[in-house]
Amino acid sequence: MFNFSFGRQQQAEYEPQDLLVIVSDEDRTLRIAPVEHVDGEAIYAASAIDGRYSVPLADAQAYTGSRGRIYLTGYSLENIQDCQRLAMLERSIVLRQITHFAPEYAEATRSPLLKILLIGGAVLFFFILLMVAVSK
């Protein structure tokens, strides 16, 4: 009923959250998006308000904050739109590659079966032709 901690504080589990901060000098705004994935080439981030971003890792400066890494980069509005388009393009390419495997598998398994049936039919035709020629 009562929770007496007597000086002990309950610590919440630490879960790092990396952020991408995009500074635009043209319209004097900051765009902040949680980072989804970082690889050797790019930082991938998504924001419910601003959309998705794919920023080259070499263009960002990394800082350490209390909650995780903070990637800071400065861009013009045109570059921000290009980063958003690049992120959408990469996402569509990945989705296309995920769904593209089925037709190749179906074509690969159907092709040898059709060849075997054609060869078997030709052999059967010549066998019947030979039987008819021998019986006359």
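Mentor: Start with secondary structure. This is a predicted model. The protein chain has two helices and six strands. Along the sequence the pattern reads β-β-β-β-β-β-α-α.

Trainee: What makes β1 and β2 a pair of strands?

Mentor: At least two bridges are needed. Strand β1 (residues 19–24) and strand β2 (residues 29–38) are joined by six, so they pair. They run antiparallel. Ser 24 has Thr 29 in β2 as its bridge partner. The hairpin of β1 and β2 has four residues between the strands, and Arg 28 takes a positive phi near 55 degrees there.

Trainee: How do you know that β1 also pairs with β6?

Mentor: Apply that cut-off of at least two bridges. Five bridges join β1 to strand β6 (residues 69–74), so this is a pair as well. These strands run parallel. Val 23 stands opposite Gly 74 in β6.

Trainee: Why is the pair of Phe 125 and Phe 126 called edge-to-face?

Mentor: The count comes to one aromatic pair. The ring centres of Phe 125 and Phe 126 are 5.7 Å apart, and pairing asks for centres within 6.5 Å.

Trainee: What share of the protein chain counts as buried?

Mentor: Of its 136 residues, 18% do.

Note on methods. Residues numbered from 1 in each chain as written. Predicted model: local features only at pLDDT ≥ 70, side-chain atom pairs only at ≥ 80, totals over all residues. Heavy atoms only, no water. Phe/Tyr/Trp six-rings, centres within 6.5 Å; stacked < 30°, edge-to-face > 60°. Buried < 20%, exposed > 50% of the residue type's maximum accessible area, 1.4 Å probe, protein only.
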